[in-house]
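Subject: Structure for your review

Dear colleague,

Please find the structure below, together with its sequence. My notes on it follow.

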Amino acid sequence: MLPRSILAVFTLAAGAAASFCRNPTVRKEWRELTTTEKAEYIRAAVCLRKLPKARYPGIDAVTTRMDDLVYTHNTLNTDIHFVANFLPWHRWFVQLHEYMLRSECGFTGAQPYWDWTIDGDARDMPNSPVFDPVTGFGGDGKRTGRSERGFQRCVVDGPFANTNLTLGNGWPDVNLDGNSLHCFTREFNGGLGLDENGDDIIGDMQVGAYNSTTMARVYAFGTFSGMADILEGLPHAQIHSIIFGDMGPATSPNEPLFFLHHANVDRVWAKWQGRNATRLADYTGFQDQNRTISASMNNTMPILELGKTKPIVKNYMDTQAGPLCYTYSSM
Ligand SMILES: [Cu+2]
């Protein structure tokens, strides 16, 4: 038990830290950005993919600055998915990416988010503005007519068309372990199998996993672990799987939409929290996928070579306190 006077100092310190966040950055939905703002985000995202790596000198497959992020996410896969830290870890990761865009590529905006529920409710996911070839991130992969594995199906429009990637494997080997040079690819996956030409039947792109009916179920959970499990397992996982290609496996930060997707997952958590004191302190679950070690807000999160000190979960509970200072345009 701490003496009352020391407790008072702690409380004051926490209050002072929170008050540093006077003007939180506002993360906007992709559709709310002006054409200039969209172009500026894409410019910076392309830039990060052109800079050389700054980490993992001994890993030859890590070549670009983005690969530093892709490699970390892929290597930590089972430590950061389907465990309690999924939401705070990805909150930290999206923030780091946003910081890198600013500090290394001169980006002056905020990380945008992609509210896929808008596209789900419209039942028109393939025509979402995020896939626009001019103002967005390009569309579905297309058959190239080339015969080399990894280059048979590529994203051929938009600012990331025909990007060569060294981590993960391209089409048709996206689910294989290991790495091979391949073009950036997508394979829209309607979950309905293939047609007579071997192409995916698109259907409604499984909107039932991320439309507003399903999101209402997510928000209705009264506890963090219940909310987090369905958020990760249903809308989060299905967005990865309906875009597929490089968005499918644990090397998915290869896909530039990864960060807009995860910003939206983060927004759902922040919206659920509502800056409510109880929910800002609600963090339970397990540290391991075997569900044997209980999680606590004092746990550190693994980041390999991405930083000197491991972030602590409790500093990533509130988007407007500690090392974070942002909010979302729609909460
Ligand atoms: Cu992830």
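A disulfide is here a pair of cysteine sulfur atoms within 2.5 Å. Cysteine 154 and cysteine 183 form such a pair, with an S to S distance of 2.1 Å. The torsion about their S-S bond is about -90 degrees, so this disulfide is left-handed. Cysteine 154 belongs to strand β3 (residues 153–154) and cysteine 183 to strand β5 (residues 182–183), so the pair ties together parts 29 residues apart in sequence. Helices (H or I, at least four residues) and strands (E, at least two) are DSSP runs, numbered from the N terminus. Cysteine 154 is buried, at 2% relative accessible area, and cysteine 183 is buried with a value of 2%. Buried means under 20% relative accessible area, exposed over 50%, and partly exposed in between (1.4 Å probe, protein chains only).

Two points on conventions are needed before the rest. The model is predicted: local features need pLDDT of at least 70 and side-chain atom pairs count only at pLDDT 80 or more, while totals for chains, interfaces and linings use all residues. Residues are numbered from 1 along each chain as its sequence is written, and side-chain values use heavy atoms, with hydrogens and water left out.

Disulfides

The structure holds three disulfides. With the bonded cysteines numbered in sequence order, they pair as 1-6, 2-3, 4-5.

Cysteine 21 is joined to cysteine 325, S to S 2.0 Å. This pair links distant parts of the chain, 304 residues apart: cysteine 21 sits in the loop between α1 (4–19) and β1 (25–27), and cysteine 325 in the loop between α10 (277–280) and β6 (326–328). The torsion about the S-S bond of cysteine 21 and cysteine 325 is about 90 degrees, so the disulfide is right-handed. Cysteine 21 is buried, with a relative accessible area of 12%, whereas cysteine 325 is partly exposed at 24%.

The sulfur atoms of cysteine 47 and cysteine 105 lie 1.9 Å apart in a disulfide. Here too distant parts of the chain are linked, with cysteine 47 in helix α2 (residues 35–50) and cysteine 105 in helix α5 (residues 86–105), 58 residues apart. The torsion about the S-S bond of cysteine 47 and cysteine 105 is about -80 degrees, so the disulfide is left-handed. Cysteine 47 counts as buried at 19% relative accessibility, and cysteine 105 is buried at 6%.

Copper site

Which protein donors does the copper ion have? They are His73 (NE2), His81 (NE2) and His90 (NE2), lying 2.0 Å from the ion. Donors are N, O and S atoms within 2.8 Å of the metal (3.2 Å for Na, K and Ca); water is not among the atoms, so sites may look incomplete. Along the chain the donors of the copper ion follow the spacing H-x7-H-x8-H. Histidine 73 and histidine 81 are both buried.

The chain as a whole

The secondary structure comes to 10 helices and six strands. For 331 residues, a compact globule would have a radius of gyration near 20 Å, and the chain agrees with its 20 Å. This radius is taken over C-alpha atoms, and the globule rule is 2.2 Å times the number of residues to the power 0.38. The C-alpha trace spans about 75 × 45 × 45 Å along its principal axes. Buried residues make up 50% of the 331 residues.

Kind regards
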